[in-house]
Amino acid sequence: MGFFSKIKETFVGKSTKQNEKYVAGLDKSSTSFSDKINSLAARYREINDEYFDELENILIMSDVGVNMVMTIVDEIKKEVRLNNIKDPHAINDIIVDKMFVIYANDSIMSTKINYAKEGLTVILMVGVNGAGKTTTIAKLANKMLKEGRTVMLAAGDTFRAGAIDQLDVWAKRLGITCVKGKEGSDPSSVIYDGVKQAKEAGVDVLICDTAGRLQNKVGLMRELEKMNRIIKKSVPDGPQETLLVIDATTGQNGVNQAVEFSKITDITGIVLTKMDGTAKGGIVLSIKDMLNIPVKFIGLGEKMDDLQEFDLEQYIYGLCHDLMGE
């Protein structure tokens, strides 16, 4: 049984809250991808080189990434030759299988948050302005609070106008503390105060906002290095996570941002926001191919509980369920 067939068997007719979130959040991507694949099959009486050329274009336009597209299509061609498949309608499962089996087989990294075994867990949030970083921090804090953890925020983005107040407003809504300094002040001093206050208060998690000025890479690198040094003085194993927030609607530009950020600091995980706003679902594969960093959370809507832990099988089902012929 293929990878996609197993997912069908697992999820078809077994609706769960998480399942529904993925289906609803990936509706645009699913409709676009499925329509293109079904339309491709309808235009060809048998599989040939032109069919594969069009398939490559569909996958590239879905933000899969050129290198991975070539690998996927080569694998599909091998399967087609091996099983002597002629009918394009018989190939849908194979397409999905080959798209995601590479991700599944290579993905040995955990998608879970690396919490400290005891004491304070520090999470640094990085990403360009406009990616949804501040809102993601609030959603992540809300998720942890619901899990029974105590949380504090540190407003380390002291350069963007309004960033401190925006984070403080979210903290007040959640009923938690936001450690902050003045606009334009040294971000590392805010992180220092945040770690100090979090340890004194005995909270479980400190989530730190940081500046998103990727255009000033040298300055940002020094800033993040300084933050890391300050954190490690009080929390030797910290930061336990450095999560990069990427706006999925920016497609390959978002992936390129991730590549640049990974040169500046050690990224432990990706938070992919605004997946409900894009018709291109292949960005998860592109991130895997270019960075080999796990997607840990995915934003499937604007509500507080629409930030979901990334689940590959749920993702495949949400993206490809329209290909199941239900």
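Visitor: What is the lining of the second largest pocket by class?

Guide: Ala, Val, Leu, Ile, Met, Phe, Trp, Tyr, Cys and Pro count as nonpolar, Asp, Glu, Lys and Arg as charged, and the others, Gly among them, as polar. In this predicted model, that lining has 5 nonpolar, 4 polar and 4 charged residues. Local features need pLDDT of at least 70, side-chain atom pairs count only at pLDDT 80 or more, and totals for chains, interfaces and linings use all residues; side-chain values use heavy atoms, without hydrogens and water, and numbering runs from 1 along each chain as its sequence is written.

Visitor: Which residues lie nearest the centre of the second largest pocket?

Guide: Rolling a probe the size of a water molecule over the atoms shows where empty space is left. On a 1 Å grid over the protein atoms alone, a pocket is an open set of points where a 1.4 Å probe fits, with protein on both sides within 12 Å along at least five of seven lines; lining residues have an atom within 4 Å of a point. Here 13 residues line the pocket, and Ala116, Glu118, Leu120, Asp237 and Gln240 lie nearest its centre.

Visitor: What lines the largest pocket?

Guide: Its lining has 19 residues, with Ala131, Gly132, Thr135, Thr136 and Lys274 nearest the centre. By class these are 3 nonpolar, 10 polar and 6 charged.

Visitor: Is Thr278 buried or exposed?

Guide: Buried means under 20% relative accessible area, exposed over 50%, partly exposed in between (1.4 Å probe, protein chains only). Thr278 counts as buried because its relative accessibility is 6%.
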